[in-house]
Amino acid sequence: MYHIEIQNELEQLLSLVAELDVEDSASWRVQVKGSLNHWHDLRDNLEQFVAEETIYFDTLSLDDEIDVYQYLEQEVLFKQTCLDLTYLIRLAYDLGVERRHIIEIYRHVVNLWLGYADLVSQIQQLGEMQGTQPLVLEVDYSTALLLTVCAIKFEDSQALVQIVDGLMCYQQDKLLDILHYAYFENPSISEHYHVTYPFQQLNEMLEQGVNEQTVTTYLNFIQKEQASGRYFEKKKFHMLSLLGQWSFEIFAICAVYQLDVNLFKDFKSVPDCF
């Protein structure tokens, strides 16, 4: 159990988001209004969520007088809230927010996900007591990937271990296996990808060796796919919409293989100061 004070985390995140000025389009990294509109929607929803104190479970103790199905309702609501709020990390980058504030947003989001992990743990305990089928702890794939990349990029090793331990259900995914390799007691690399497009294109890079040439080949593929519009087709992109147009995975791959990410700063899909 991580014993996260959920309401406090939500209030601090709301205070931070409310204070940030993201209205000046001159500072945006993505020159479309969609990111700003999405930011406003999430801010308004968060404000309502905090005001109504919608989440009432206590991560510090288990209340066995609450019916397990009440906890299940909380799980559905809180998971969707965490999924939605994770978008704030990428939207903050789109809208030109400073790196230090992006890190603050990321840390609040991670804590909320760990609070979600506590909730699921409580449901599992209640399920055992009441004979109910326990939940399997899982998160959206792009959320797992983005939080992992952030933890590596922001050198947050403690959070990375917590993410791997408490949130990951994609341990048979080749990309995440590579990024998590140093954090498992008995590491192994899967041959499969949970999301084959576009990450299966990483195979050539991994087989030939991660270097400037092979990473450039991968990024050229991404650039070509984005220019043609295929990258954003719903049937392929819906599982990665959280990541927007950005190849965040390159940061983590470069960190793992000790390659200077600045070699690829001219590619439009590589964030410039994330």
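Reader: Which residue follows α5, and with what phi?
Author: A helix is a DSSP run of H or I of at least four residues, a strand is a run of E of at least two, and both are numbered from the N terminus. After α5 comes Glu155. Its phi is positive, near 55°.

Reader: How was this model made, and what is left out of side-chain values?
Author: The model is predicted: local features need pLDDT of at least 70, side-chain atom pairs count only at pLDDT 80 or more, and totals for chains, interfaces and linings use all residues.

Reader: How many helices and strands are in the protein?
Author: Read along the sequence, the pattern is α-α-α-α-α-α-α-α-α-α-α. The count is 11 helices and zero strands.

Reader: How far does α5 reach from its first C-alpha to its last?
Author: The helix has 13 residues. The expected span is 1.5 Å times one less than the number of residues. That gives an expected 18 Å, and the model comes close to it. From first C-alpha to last, α5 reaches 18 Å.

Reader: How many residues of α5 are buried?
Author: Buried means under 20% relative accessible area, exposed means over 50%, and partly exposed is in between (1.4 Å probe, protein chains only). Among the buried residues of α5 are Tyr141, Leu145 and Cys150. The helix is largely enclosed by the rest of the structure, because the buried count is 12 of the 13 residues.

Reader: Which residues does Ser142 contact, leaving aside neighbours within four places in sequence?
Author: Ser142 is found in helix α5. It counts as buried, at 2% relative accessibility. Contact means heavy atoms within 4.5 Å. Leaving those neighbours aside, Ser142 touches Met239, Leu240, Leu242 and Leu243.

Reader: How many aromatic pairs does the structure hold?
Author: Rings of Phe, Tyr and Trp (its six-membered ring) pair if their centres lie within 6.5 Å. Planes under 30 degrees apart are stacked, over 60 edge-to-face, and the rest tilted. The structure's number of aromatic pairs is eight.

Reader: Why is the pair of Phe78 and Tyr116 classed as it is?
Author: The ring centres are 6.5 Å apart. The planes stand at 55°, so the pair is tilted.

Reader: How many residues apart are Phe78 and Tyr116?
Author: Phe78 sits in helix α3 (residues 68–94), and Tyr116 in helix α4 (residues 99–130). Both residues are buried. The pair links distant parts of the chain, with a separation of 38 residues.

Reader: Is the pair of Tyr141 and Phe199 stacked or tilted?
Author: Tyr141 and Phe199 are both buried. Tyr141 lies in α5, and Phe199 in the loop between α7 (174–180) and α8 (202–208), so the pair ties together parts that are 58 residues apart in sequence. The ring centres are 6.4 Å apart and the planes are at 50°, so the pair is tilted.

Reader: Which residues have the most contacts inside the largest nonpolar core?
Author: A nonpolar core is a set of buried Ala, Val, Leu, Ile, Met, Phe, Trp, Tyr and Cys residues joined through side-chain atoms within 4.5 Å. The largest one has 92 residues. Its largest share, 14 residues, comes from α4. The residues with the most contacts inside this core are Trp39, Ile105 and Phe199.

Reader: Which residue lies over the face of Tyr93?
Author: A charge sits over a ring if NZ of Lys or CZ of Arg is within 6 Å of the ring centre and within 35 degrees of the ring normal. Here the distance from the ring centre is 4.2 Å. The residue over Tyr93 is Arg29.

Reader: Which residue forms a salt bridge with Arg90?
Author: A salt bridge is a side-chain nitrogen of Lys or Arg within 4 Å of a carboxyl oxygen of Asp or Glu. The two partners both lie in α3, four residues apart, about one turn of the helix. With the closest N and O atoms 2.7 Å apart, the partner of Arg90 is Asp94.

Reader: Which residue meets Arg100 in a salt bridge?
Author: Arg100 is exposed, with a relative accessible area of 52%. The bridge spans 2.8 Å, N to O, and the partner is Glu98.

Key
Residues are numbered from 1 along each chain as its sequence is written. Side-chain values use heavy atoms; hydrogens and water are left out.
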